[in-house]
Amino acid sequence: MTMTMMATSLMQAQGLQYPKAEKDGTVDDYFGVKVADPYRWLENDTSAQTAAWVEAENKVTNAYLGKIPTRGKLLKRLTELSNYEKIGAPRKRHGKWYFYKNNGLQNQSVLYVMDNLGGTPRVFLDPNTLSDDGTVAMNGVYFSNNGKWAAYSISRSGSDWREFFVIDLKTGQLTGDHIEWAKFSGAAWQGDGFYYSTYDRPTEGKEFSNINEGMKIYYHKLGTPQSDDVLFYQNPTQPKRFYGVMVNEEETLMYLYESGAGAGNNLFVRDLRQPDSQFIQMTDNMDFQYSPIYNEGDKIYLYTNYGAPKGCIMTADIRKPGLSDWQVLIAEQQNMLSGVDVINRQFLLTYNQDACDHAFVYGLDGKMRHEVKLPMVGSVGFTGDEKGEECFYTFSSFTMPGTIYRYDMVKNESTLYAQPNVKFRQQDYESRQFFFKSKDGTRVPMFITYKKGLKRNGKNPVYLYGYGGFNISLGPGFSAMRIPFLEQGGIYAQVNLRGGSEYGEAWHLAGTKMQKQNVFDDFIAAAEYLISEGYTSKQKLAIVGGSNGGLLVGACMTQRPDLFRVAIPQVGVMDMLRYHRFTIGWNWASDYGTSEDSREMFEYLKGYSPLHNLKPGVSYPATLVTTADHDDRVVPAHSFKFAATLQECQAGTAPVLIRIDTKAGHGGGKPLAKVLEEQADIYSFILYNMK
């Protein structure tokens with residue numbers, strides 16, 4: 001029997017007939033090694049051929065998901081659980097208080113304003129009015145330092161492209177200012193205008209796939225068209241770098257950030273008090289992070305991990321701003337410094353201990369005042385003004401929805417400000433953390449959350465989630481989407497893999513470039529630990545991850561297809577040989593390296609690249625690949641080529657499907673209605689294939 005006949009037979013046995021994906025003869029040469037890429041045509045996201053394939057794949061996927069008997073009931077329960085009031089911490093701006101609120105099932109949260117704390121709120125900005133389907137999201141609001149204006153940015157259909165509009169704070173009306181094609185940018189106000197970062201208008205039809213190069217900074221003066229905006233900064237010699245500026249509230253200092261060539265950034269400063277002043281370079285090594293936090297006169301307070309892999313606070317003088325003249329104010333501690341805020345002229349520092357937050361108040365003199373008494377083990381985020389007395393924090397854990405506390409920094413006392421009412425019995429669930437040994441003996445932490453009374457009989461469904469990259473930490477956090485799975489006896493497991501920031505820069509570097517395999521080994525070891533300890537079995541184990549976590553799932557399911565029952569790679573980086581050729585993929589080279597770096601790097605990438613390690617005749621887990629048509633972070637071509645190849649190679653009877661969302665992107669700003677539909681599909685697919 002030929003491979004084609006075998007695949008057809010299996011598809012019919014599954015009751016599935018996958019769309020036929022044509023192959024072309026594309027072959028690339030890497031250091032003399034020939035690598036076939038027969039589905040290269042799927043990289044053309046605007047072609048009629050790709051559109052037809054997408055439509056056919058979605059038809060198969062929707063038919064399969066539509067036949068899962070419990071999907072409707074699950075969607076109903078997810079909707080019920082999501083229908084609760086969600087309130088953000090209030091923040092004072094120019095004498096008024098602003099906060100976000102979602103009444104329950106609104107697609108996007110609404111920004112409200114109050115004249116005083118506890119006053120009557122009124123709508124300031126409602127992004128739900130900007131589209132009929134909730135696919136226009138608000139990304140940020142930036143108040144001018146003179147209190148006259150507020151710029152806000154929106155994205156459409158989940159894209160990374162941004163548009164800016166401006167509101168007159170006195171009248172509440174739009175000014176008519178409109179900025180297009182900004183990207184990875186806020187609005188840095190100076191006077192009656194602001195700076196923003198942008199790229200040249202993209203080629204029509206290639207807005208979401210072509211490589212982004214040549215970032216520029218412009219200054220927009222209110223009341224003028226974008227075509228009159230003044231080019232403020234560009235560096236044509238480094239087209240694959242990011243540039244952005246920040247101006248302090250007093251408009252006395254301006255900072256210029258340069259990143260994209262390492263895990264950190266370079267920093268420049270300009271004294272706006274001096275006429276015709278120029279930028280002075282403060283740092284020259286983009287392997288480290290340098291972030292201004294606050295300034296008093298000539299004194300600048302900064303966060304950095306230079307010489308302090310777990311982070312520290314240093315000071316600099318604007319008159320001698322070079323790194324060699326910086327002074328350590330708060331030295332590196334045993335735990336990772338993961339958050340820095342200045343509120344009421346004091347530091348609120350958050351340290352990460354085994355992926356859990358601990359917070360402390362320090363004076364500007366660098367001396368610790370006290371530890372903030374948090375409700376339990378979890379994650380915290382502070383809100384307040386540099387010179388304002390009011391301080392709030394939002395706290396959450398795996399079993400506790402985001403709850404807001406008002407915090408008295410002098411008395412070290414917290415009082416409840418706003419608590420959500422989710423329709424589930426919080427006391428019925430618990431979380432615990434334990435540590436296991438990875439393949440090379442490294443001690444790795446993992447959290448599990450489950451319903452009390454759980455039996456370790458090897459029969460519990462497990463949703464195993466990880467990320468492992470780009471210095472990103474996964475802390476305890478609440479999601480109503482997990483509750484139906486937990487209600488049915490499921491376990492949510494979250495692993496703190498190498499590649500993240502949980503234990504500082506060494507932990508991050510241990511999961512990058514030629515050590516990336518450590519991340520996959522950690523995830524596989526987590527799965528084996530859960531099985532060996534009786535929590536679950538191979539037949540009840542699902543692995544899930546998005547973006548870099550999608551790469552994680554793709555690599556692990558190709559390396560150990562026998563270990564998992566279900567795999568959900570979401571918006572994943574699946575083609576490690578070509579990822580850097582799309583949008584801002586080049587920026588990931590600091591973590592991954594590229595296939596052009598050296599023969600050794602090419603071979604290493606090819607050795608784990610999910611797309612290039614699929615093999616005909618292997619029984620792979622039931623797989624639901626997810627992506628979206630407007631994902632211009634990890635372009636959908638990654639998922640398209642992976643799904644087409646996996647459908648061709650699958651030798652088992654487990655389904656291989658791809659879910660391609662429309663008017664959606666990498667995930668940010670996705671309307672709640674789309675989130676609920678997607679989560680209902682994912683969880684029902686997982687549980688249906690664990691029978």
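The model is a predicted one. Now extend the selection to strand β24, residues 336-343, which runs antiparallel to β25 and is joined to it by seven bridges. The two strands form a hairpin with two residues between them. In that turn, click on Asn344, which has a positive phi of about 55°.

Next, select β25 itself, residues 346-353.

Move on to strand β26, residues 356-363. β26 pairs with β25 in the antiparallel sense, over eight bridges. To see one of the pairs, pick Thr350, whose bridge partner in β26 is Ala359. β25 and β26 also make a hairpin with two residues between the strands, and here Asp354 takes a positive phi near 50°.

Now go to a sheet elsewhere in the sequence. Eight strands form an open sheet with mixed pairing, in the order β32-β33-β35-β34-β36-β37-β38-β39. Which strands are at the edges? They are β32 (429-437) and β39 (656-661), each of which pairs on one side only. On average, neighbouring strands of this sheet are turned by 20° against each other, direction ignored.

Zoom in on β38, residues 622-628, and β39. These strands are parallel and share six bridges. Val625 has Ile658 in β39 as its bridge partner.

Helix α2, residues 48-66, lies across β38 and β39 and runs at about 110° to β39. Helix α7, residues 548-559, lies across β36, β37 and β38, at about 145° to β36.

For a helix pair, select α3 (residues 71-82) and α11 (residues 672-688). Their axes are 9 Å apart and the packing angle is about 130°. That angle makes α3 oblique to α11. The crossing is right-handed. Among the residues that meet are Leu74, Leu75 and Leu78 in α3, and Leu676, Ala680 and Tyr683 in α11.

The largest nonpolar core has 115 residues, and Trp53, Met446, Leu464 and Ile686 have the most contacts inside it. Select Leu464 and show what surrounds it. Leaving aside neighbours within four places in sequence, Leu464 is in contact with residues including Met446, Val495, Phe523, Leu530, Leu541 and Ile543.

How values were computed:
Residues numbered from 1 in each chain as written. Predicted model: local features only at pLDDT ≥ 70, side-chain atom pairs only at ≥ 80, totals over all residues. Heavy atoms only, no water. Core = buried A, V, L, I, M, F, W, Y, C linked by side-chain atoms within 4.5 Å. Buried < 20%, exposed > 50% of the residue type's maximum accessible area, 1.4 Å probe, protein only. Contact = heavy atoms within 4.5 Å. Pairing = 2+ DSSP bridges. Helix = DSSP H or I, 4+ residues; strand = E, 2+ residues; numbered from the N terminus. Axes fitted to C-alpha atoms, helices over the stretch in contact; angles between N-to-C directions. Parallel < 35°, antiparallel > 145°, perpendicular 65-115°, else oblique. Left-handed = near helix turned anticlockwise from the far one by under 90°.
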